[in-house]
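I opened my notebook to look up a sheet, a helix and the nonpolar cores. Here are my entries.

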Amino acid sequence: VNGPAPGPGEMSLAVAEITHPAGRVRTLHLRRPDGGTLPSFVPGSHVVLDCGDRRNAYSLTGPCLSPDAYTVSVLLRQDGDGEVAGGSAFLHRLEPGDVVAVSPPRSAFPPVAAARHHVFVAGGIGITPFLSHVRAAVDWGRSYELWYAHRPDFPAHAAELRSLCGDRLTEPANRRALQEAVRRIVVSQPLGTHLYVCGPAGLIDFVSTTAAEAGWPSERVHAERFSVTGLDPGEPFTVALRRSGMSVPVPSGVSLLDALAKAGVTVPNMCRQGVCGECRVKVLNGLPWHRDLFLSEVERAANADIMCCVSRGHDLLELDL
Ligand code: FES
């Protein structure tokens, strides 16, 4: 399979090897066809892979510095009827030698350099961003602990993590044991500890809420979500379009992308989940409410662009449209 030609900034990488860290999960090892090294990345980064009719984000699980391959672990997802669904099915059909378009690494879940201690909490396939976090913490001698809850029949990367982390890894037997651990962690960690969570939405919500109730400021709690489904419908806001002179209201529960389309302003788009980067629009005035997985921390802080499929404005935004 040779996927579509890569878009601007994307790389064409070949599947060099496929390994199987757990049932229904395969790890793709992607290399440059010329065998050269790939751009380094920040721990917790993800890439967006072209999956045929859509693009999905996957965490990079290998070493961060000048890697000779990018590795991503892909869970074969099933819909409610047990049918395989989405981009994961496409990636599970790839064979060694097939070529895929891959975005440059994006950092949306980095370690906080000033943290005195890092507590990583993972559920199921949500372990993937922590592989690069843990590798970097080991390399740099950072203080960390990893809590990883998984089903006994779904130990993705567990053996690798046991050898990497030693006694810094705890594997709670079930969800309740993990929740009890989180309750203890949020009342026992000193200031200076940062908490990171990735996994099912219920786990992310539990950790975020439990930490907030214990008085943790949101800047010390970091969550990684792989798609931005189930978003808050948000408050209504308005966008002013400088080039066309139009003013477009965006009601609660309607995306900026859809509101623009309804007003006759078409913005190119693909994933509609905040991961592919296709719907990027320049912001000339106003503060965006960033909810995508595409922009880097630096780009978010600059507030110069908005991914209009998922992100919104707080009040009035002026856009370069
Ligand atoms: S359409 Fe993919 S990020 Fe918006």
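Is helix H2 mostly covered or mostly uncovered? I looked up residues 128-140 and found H2 mostly covered, with ten of its 13 residues buried (under 20% relative accessible area, 1.4 Å probe, protein chains only). Among them are Phe130, Leu131 and Val134. Just after H2, Gly141 has a positive phi of about 70°.

I noted the ground rules. This is a predicted model, where local features need pLDDT of at least 70, side-chain atom pairs count only at pLDDT 80 or more, and totals for chains, interfaces and linings use all residues. Residues are numbered from 1 along each chain as its sequence is written, and side-chain values use heavy atoms, without hydrogens and water. Helices (H or I, at least four residues) and strands (E, at least two) are DSSP runs, numbered from the N terminus.

Next I traced the sheet. Five strands form an open sheet in the order S13-S12-S18-S14-S16, with mixed pairing (two strands pair if DSSP finds at least two bridges between them). At the edges I found S13 (247-250) and S16 (305-307), each pairing on one side only. S14 (residues 280-285) pairs with S18 (residues 316-319) in the antiparallel sense over two bridges. Asn285 stands opposite Glu318 in S18.

Of its 24 residues, Val239, Leu256, Leu260 and Leu319 touch the most other members. Its largest share, four residues, comes from H6. A second, separate core of 23 residues includes Ile127 and Val134.

Note on methods: Buried means under 20% relative accessible area, exposed over 50%, partly exposed in between (1.4 Å probe, protein chains only). A nonpolar core is a set of buried Ala, Val, Leu, Ile, Met, Phe, Trp, Tyr and Cys residues joined through side-chain atoms within 4.5 Å.
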